[in-house]
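Hello,

Please find the structure below. My notes on what was found in it follow.

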Amino acid sequence: QVQLVESGGGLVQAGGSLRLSCAASGIIFSRNAMAWYRQPPGKQRELVASITSGSTSNYADSVKDRFTISRDNAKNTVYLQMNSLEPEDTAVYYCKILGFRSWGQGTQVTVSS
């Protein structure tokens, strides 16, 4: 059974940083591309960043040069380092295994101005 557990969210002031973690189980983690999505209040879920099994990454234009996605295959974990946070980054953040339907419970990120 595939499970995803996100952590690391919280309340931060604009300009601050947070690092999100997502621990995956039930899959051969190293073979799968992973992604971070977010859902701002009252809006649709959107793709933030993705990383292939070979660690090639892609980012939404809104987070380029501020966010970094990475993975540790030994720990079955994907990370999202978020710097220079803006109030517009406020959302519930979810990780996902690309090609699978499962979602984690999400972690709330709130950025105050």
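The accessible surface of the chain comes to about 6000 Å², and carbon and sulfur atoms account for 45% of that surface. Accessible areas come from the Shrake-Rupley method with a 1.4 Å probe, and for residues only the protein chains shown count as cover. This is a predicted model, in which local features need pLDDT of at least 70 and side-chain atom pairs count only at pLDDT 80 or more, while totals for chains, interfaces and linings use all residues. Residues are numbered from 1 along each chain as its sequence is written, and side-chain values use heavy atoms, with hydrogens and water left out.

Of the 113 residues, 42% count as buried (under 20% relative accessible area; exposed is over 50%, and partly exposed is in between, with a 1.4 Å probe and protein chains only).

On secondary structure, the chain has 0 helices and 10 strands. Helices (H or I, at least four residues) and strands (E, at least two) are DSSP runs, numbered from the N terminus.

As to overall dimensions, the C-alpha atoms fill a box of roughly 40 × 25 × 20 Å along the principal axes. The radius of gyration is 13 Å, which agrees with the value near 13 Å for a compact globule of 113 residues (taken over C-alpha atoms; the globule rule is 2.2 Å times the number of residues to the power 0.38). Among contacts (heavy atoms within 4.5 Å) between residues at least 6 apart in sequence, 54% join residues at least 24 apart.

Now the aromatic residues. Rings of Phe, Tyr and Trp (its six-membered ring) pair if their centres lie within 6.5 Å; planes under 30 degrees apart count as stacked, over 60 as edge-to-face and the rest as tilted. The count by this rule is 2 aromatic pairs. Tyr37 lies in strand S4 (residues 34-39) and Trp103 in the loop between strand S9 (91-97) and strand S10 (107-112), so the pair ties together parts 66 residues apart in sequence. Tyr37 is buried at 18% relative accessible area, whereas Trp103 is partly exposed at 35%. Tyr94 and Trp103 also form an edge-to-face pair, with 6.0 Å centre to centre and 80 degrees between the planes. Tyr94 counts as buried, with a relative accessibility of 12%. Together, Tyr37, Tyr94 and Trp103 form one aromatic cluster.

Regards
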